[in-house]
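Let's take a walk through a protein fold together.

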Amino acid sequence: MSRAQLALNVDDLQQAVMFYSKLFNTQPAKLKPGYANFAIAEPPLKLVLLENPGQGGTINHLGVEVESSTKVHEEIARLTGEGLFTDEEIGTTCCFATQDKVWVTGPAGEKWEVYTVLADSETFGSSPQHLDPETEGGVCCGTAAEENAPAGTSCC
C-alpha cells in the first residue's frame with residue numbers, strides 16, 4: 001500500500017476538518033490540537049491538516065506514505081542513486097507518530113517525504129529543520145500544534 005500525502009496549512013483546523021470530512025465523506029483518522037489527518041481510501045490519499053494561522057491554503061509539504069521501513073530504505077538507496085540529496089530520519093517522532101522517513105527537495109524548493117508510520121505517539125514530535133530553516137528552534141512546520149508541544153520539541 002502506497003498513497004500520496006498532501007500536507008496543507010489551514011487557518012482554522014475545526015473549519016477545515018468539517019470541510020474535508022464532507023468532501024471526502026470520511027472522518028479524520030487522527031485529530032489532535034492543531035493537527036488532523038485523513039486516511040482516504042478513494043482516491044488513495046493521506047491528507048494532513050496543520051493549523052498555521054495566516055498560512056491557510058498553502059502547501060506545507062508533500063509525501064508518499066509507504067508500507068514499511070524496508071520500502072523507506074529502498075527509496076533512500078534509489079533516490080541517492082539518482083543523485084538526489086536525501087535527509088534521512090529513522091525512528092523520529094513527527095505528527096503524533098513514530099516514523100522512518102527520507103526527505104528530498106524538488107527543483108522549486110518543494111519538500112517531499114517518503115515515510116512509514118511505525119507507531120502512534122502522544123506528542124507532536126521533534127525533527128530537524130526541514131521545511132523552514134530560518135525558523136528558530138528547528139521548527140519545520142510552524143504550526144499551532146507545535147506551539148502547544150512540550151518545550152524542546154518541534155514538528156516535521
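Begin at N25, which is exposed, with a relative accessible area of 72% (exposed means over 50% relative accessible area, buried under 20%, and partly exposed in between, using a 1.4 Å probe and protein chains only). N25 sits in the loop between α1 and β2, and its phi is near 55°, a positive value in a residue other than glycine. Now compare C95, in the loop between β6 and β7. Its phi is also near 55°, again positive in a residue other than glycine, but C95 is buried, with a relative accessible area of 7%.

A word on what you are looking at: this is a predicted model, in which local features need pLDDT of at least 70, side-chain atom pairs count only at pLDDT 80 or more, and totals for chains, interfaces and linings use all residues. Residues are numbered from 1 along each chain as its sequence is written, and side-chain values use heavy atoms, leaving out hydrogens and water.

Two strands pair if DSSP finds at least two bridges between them. With that in hand, find the open sheet of eight strands, ordered β2-β3-β4-β1-β5-β8-β7-β6, with mixed pairing. At its edges stand β2 (30-32) and β6 (87-94), each with a single partner strand, so one side of each is left without a neighbour in the sheet. On average, neighbouring strands are turned by 20° against each other, direction ignored.

Next, look at some of the pairs. Strands β3 (residues 35-40) and β4 (residues 45-51) run antiparallel and are joined by six bridges, with Y35 opposite L50. In the loop between these two strands you will find P43, which is joined to E42 by a cis peptide bond with omega about -5°.

Strand β8 (residues 111-120) runs parallel to β5 (residues 59-65), joined by four bridges, and here E65 faces Y115. With β7 (residues 97-105), β8 pairs in the antiparallel sense over nine bridges. The hairpin of β7 and β8 has five residues between the strands, and G109 there takes a positive phi near 90°.

Finally, helix α2 (residues 69-81) lies across β6, β7 and β8, running at about 15° to β7. Such angles run from 0 to 180 degrees between N-to-C directions, with axes fitted to C-alpha atoms, for helices over the stretch in contact (contact means heavy atoms within 4.5 Å).
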